[in-house]
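I am opening a notebook on a structure that is new to me. My plan is to look things up one at a time and write down what I find.

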Amino acid sequence: MDATTVLVNLIIFSTLFGIVYMFLTSRNKERLALIEKGADATVFNSGKKFSFAEGIMNLALLAIGIGAGVLVGALLEQSGMASEVAFTSSIFIFGGVGLMASIFVNRKLIQKED
């Protein structure tokens with residue numbers, strides 16, 4: 001590994017860490033400020049907890065979409081399209097379709113619970 005690769009990886013991971021750290025600390029400070037003023041801190045609670053099954057389903061549908069995109073990209077490449085264009089466009093299109101499908105499935109599950 002050369003120095004550029006290490007530097008790029010360091011920048012990416014430190015940026016992600018900084019974003020998560022700032023989000024968590026600012027959320028904590030806001031809640032503490034509300035409690036000090038005597039306000040109710042339940043404003044931040046949306047009432048819906050994160051479901052592990054929903055997260056797995058979202059990832060599964062995204063992976064299915066990406067897999068379908070790779071297959072369609074291979075078909076487009078065999079039909080004469082440039083491989084960079086065929087694979088990149090079909091992976092993004094079908095990945096997006098998978099995410100949209102997960103939104104609709106989650107919406108149906110929420111309506112079913114209510």
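**Notebook: helix α1 and beyond**

I started with I12 and found this residue in helix α1, which covers residues 3-37. I kept in mind that I am reading a predicted model.

Is I12 buried, partly exposed or exposed? I looked up the relative accessible area and got 45%. Buried would need a value under 20% and exposed one over 50%, so I12 goes down as partly exposed. Next I looked for a surface patch. I12 makes a nonpolar one together with V8, F13 and L16. I noted its area as about 400 Å².

**Entry: an aromatic pair**

I then checked the aromatic rings. How many aromatic pairs does the count give? It comes to one. The pair is F17 with Y21, and I wrote down 6.1 Å between the ring centres and 20° between the planes. Planes under 30 degrees apart count as stacked, so the rings of F17 and Y21 are a stacked pair.

Where do the two residues sit? Both F17 and Y21 are in helix α1. They are four residues apart, which is about one turn of the helix.

F17 has 59% relative accessibility, so I marked F17 as exposed. Y21 has a relative accessible area of 48%, so Y21 is partly exposed.

I also took one distance from Y21. V6 is 15 residues away along the chain, and the C-alpha atoms of Y21 and V6 are 22 Å apart.

**Entry: L76**

I moved on to helix α2, residues 52-78, and picked L76 there. Its relative accessible area is 29%, so L76 is partly exposed. What does L76 touch, leaving aside neighbours within four places in sequence? I found M81 and A86. L76 and F87 are eleven residues apart in sequence, and their C-alpha atoms are 8.1 Å apart in space.

**Entry: S102**

My next stop was S102 in helix α3, residues 83-113. Is S102 buried or exposed? The relative accessible area is 3%. The limit for buried is under 20%, so S102 counts as buried. S102 is in contact with N58 and L61.

**Entry: the whole chain**

Last, I stepped back to the chain. I counted three helices and zero strands. From the N terminus on, the order reads α-α-α.

How does the radius of gyration of the chain stand against that of a compact globule of 114 residues? The chain has 21 Å, while such a globule would have a value near 13 Å. Along the principal axes, the C-alpha trace spans about 65 × 50 × 20 Å.

I looked up burial for the chain as well. Of its 114 residues, 10% count as buried. S102 is a buried residue. The accessible surface comes to about 9100 Å². Carbon and sulfur atoms account for 71% of that surface.

One more figure went into the notebook. I took the contacts between residues at least 6 apart in sequence, and 48% of them join residues at least 24 apart.

Methods
Residues are numbered from 1 along each chain as its sequence is written. This is a predicted model: local features need pLDDT of at least 70, side-chain atom pairs count only at pLDDT 80 or more; totals for chains, interfaces and linings use all residues. Side-chain values use heavy atoms; hydrogens and water are left out. Buried means under 20% relative accessible area, exposed over 50%, partly exposed in between (1.4 Å probe, protein chains only). Contact means heavy atoms within 4.5 Å. Patches are made of residues with over 30% relative accessible area and no salt bridge: like charges are joined within 9 Å, nonpolar side chains (Val, Leu, Ile, Met, Phe, Trp, Tyr) within 5 Å. Accessible areas come from the Shrake-Rupley method with a 1.4 Å probe; for residues, only the protein chains shown count as cover. A salt bridge is a side-chain nitrogen of Lys or Arg within 4 Å of a carboxyl oxygen of Asp or Glu. Rings of Phe, Tyr and Trp (its six-membered ring) pair if their centres lie within 6.5 Å; planes under 30 degrees apart count as stacked, over 60 as edge-to-face and the rest as tilted. The radius of gyration is taken over C-alpha atoms; the globule rule is 2.2 Å times the number of residues to the power 0.38.
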